[in-house]
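I opened the notebook to record what I looked up in this model, entry by entry. The structure comes before the entries.

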Amino acid sequence: MKVEKDKRFDGVYWVKNGKRRLATKNLVKGYSVYGEFLFNINNEEYREWIPKRSKLAAYILKGASEMPIKEGDCVLYLGAASGTTASHISDIVGSNGKIYCVDVSPRIVRELVFVCSKKKNMFPILADASKPESYVGIVPKCDIVYQDIAQPNQAEILIKNCEMFLKKNGYALFAVKSRSIDVTANPSKIFGEVEKILSEKFKILDKRRLDPFENDHMMFLLRWKK
Amino acid sequence: MECSVIIMPFGAFAFDKNGKVVWRKTFGKNAEQCAKLFLDTEKLKEEIKKEASLNNIDITNFKEEAIDLEKFAIEQGVFKKPEEFSSFMSDFSIKLTQLKMKQAFSADILIIHSILALEDLDKIINLIYERLSELFGLYFPEAMEKITSVDKLSSILSDKIERSEIAEELKISEESMGYEMKKDDLETIQEIAKKLDGILSLREKISKYIERKMEEIAPNLSKVAGPLLGAKLISLANGLENLARMPSSTIQVLGAEKALFRHLRTGTKPPKHGVILQHPLVRNAKISRRGRVARALAAKIAIASKVDFYSKGKEIVWEKLLKDLEEKMKDES
Ligand SMILES: C[S@@+](CC[C@H](N)C(=O)[O-])C[C@H]1O[C@@H](n2cnc3c(N)ncnc32)[C@H](O)[C@@H]1O
């Protein structure tokens, strides 16, 4: 078994034993968050990062042009669910970084709280991302806003949050599911419309479809124009 | 002095025009204490206003602005090191979330899971019933012929299993083309029947429980739609609040989502009704009238659930709703 740093992205690794698997260095040794494999190599522990479970992993495997999340960053994560992707971001930003994990569903936040009590750089927030006023006192200005909420007005929600919480020239990673906007329309048309709304506020650095890992999904990498 | 205030997890800070901190009230370093204060921000704001005015600070507004909390906290000396701030924020956010989870609980979630439990039981009952009929049919097919319901099968077999006894109860001959079975075979079949009987009585208990729960949190919906159909609608809408916000045209087709999406995608006919077809008024209507009956019923269900949600089950209007509905049906026929 061997491990290799990703050539382009800090904090991202490849574990090779027959298969080549994407991985992050585990911040909490021995803790597997969602059933992913843990690999022990040279006294370090790595967590398999499964692209079918995490859209950020899918985005990297699809050839992400850039990975804005770095060691020590502060991230606002909207739609954190049970913390699958957020837990890998937690490994990447490390113990000096912070992830504010917002989700609206009490059922799913129940799981998130357990993950956050192990991964101490992840902070749970039970709130509706379309009402950022409700967590304004808790969340600081952040380096990155990551959003994956599958809601019809998701682009507006992203912009509203970036207005409040994104630092000057900060980045946003935005996973869009075409079918959550309109089940009947053609995905390309929907992605086009979303892109138009986004381009008023952001520079669009990259966009990639996430199939075969996720169908009807697109990941946008954005840079705040302010 | 006129100031604006920003409330942070560890304290409230008043800033003058130039952004200088002119007054502060820290909440202490006990994360749990701080989380409790945050639970009711309106109350917290009132308290801060009062305390500030005692110090001749006139708060003009509470600013909703995100700042670099960590840097600020350290500058203000609230925390000495970044790690101290991080560990406070971890405890604080977890505690606050736990407190909010308690508040987010509403009783309709019990109804949703109970109606789903009822459906689970129906599937289980069907499976066991089929298996039991096969097994018992091997032994006494002539009796199986006569027994037509699951309740009857399970109640007879949990009590008697010998051919002679069953023949007597059903008033048929004990002559049979079935296999002869040993005691062990028959006792095993009876064991299954007893368990099935137990599941049937559990089903009855849960359904009574749903009726009581519906009476408590959605009395109008319960009367207009019937308790079980009402519960099913709450579950399809994913909560009474969502149901209360739905237009009646959506309520009319709840449970027919597949047909609805097919209609939107491929232009087939739109569905006329979803689960409200289970309501006797709709089910018993002539097929040609069902669409109209479903629409009228959905309109009343929409009102009933709104009243239930907004009055928290306190206001009672179902009698009038049912009367209106009856009249509407009369006019139509
Ligand atoms: C597809 S899941 C996210 C999966 C997660 N990003 C991951 O990769 O681990 C979408 C989540 O968004 C949440 N959500 C939907 N609407 C929301 C809103 N308005 N505010 C906050 N969260 C929301 C849902 O509760 C759900 O957990």
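**Interface.** I began with the salt bridges between chain B and chain A, where the rule (a side-chain nitrogen of Lys or Arg within 4 Å of a carboxyl oxygen of Asp or Glu) finds 1 across the interface. I also looked up the pair A:K98 and B:E70, whose side chains meet in a salt bridge at 2.4 Å, N to O. For the contact as a whole (heavy atoms within 4.5 Å) I noted 27 residues from chain B and 25 residues from chain A. The two chains bury about 2100 Å² between them, 68% of it on carbon and sulfur atoms, where buried area is the accessible area (1.4 Å probe) lost by two parts on being put together, summed over both.

**Basis.** This is a predicted model, in which local features need pLDDT of at least 70 and side-chain atom pairs count only at pLDDT 80 or more, while totals for chains, interfaces and linings use all residues. Residues are numbered from 1 along each chain as its sequence is written, chains are lettered from A and ligands numbered from 1 in the order in which they are written, and side-chain values use heavy atoms, with hydrogens and water left out.

**Helix α3 of chain A.** I checked the length of α3 (residues 106-118), and because its 13 residues at 1.5 Å a residue should span 18 Å, the 19 Å between its end C-alpha atoms agrees; the expected span is 1.5 Å times one less than the number of residues. Helices are DSSP runs of H or I with at least four residues, and strands are runs of E with at least two, numbered from the N terminus. I listed A:V109, A:L112, A:V113, A:V115 and A:C116 as the buried residues of α3(A), buried being under 20% relative accessible area, exposed over 50% and partly exposed in between (1.4 Å probe, protein chains only). These buried residues pack against β7 (98-103) and β8 (122-126) of chain A, together with α4 (82-104) of chain B.

**Backbone.** I found a cis peptide bond joining A:D211 and A:P212, with omega about 5 degrees, and placed A:P212 in the loop between β11 (202-209) and β12 (217-224) of chain A.
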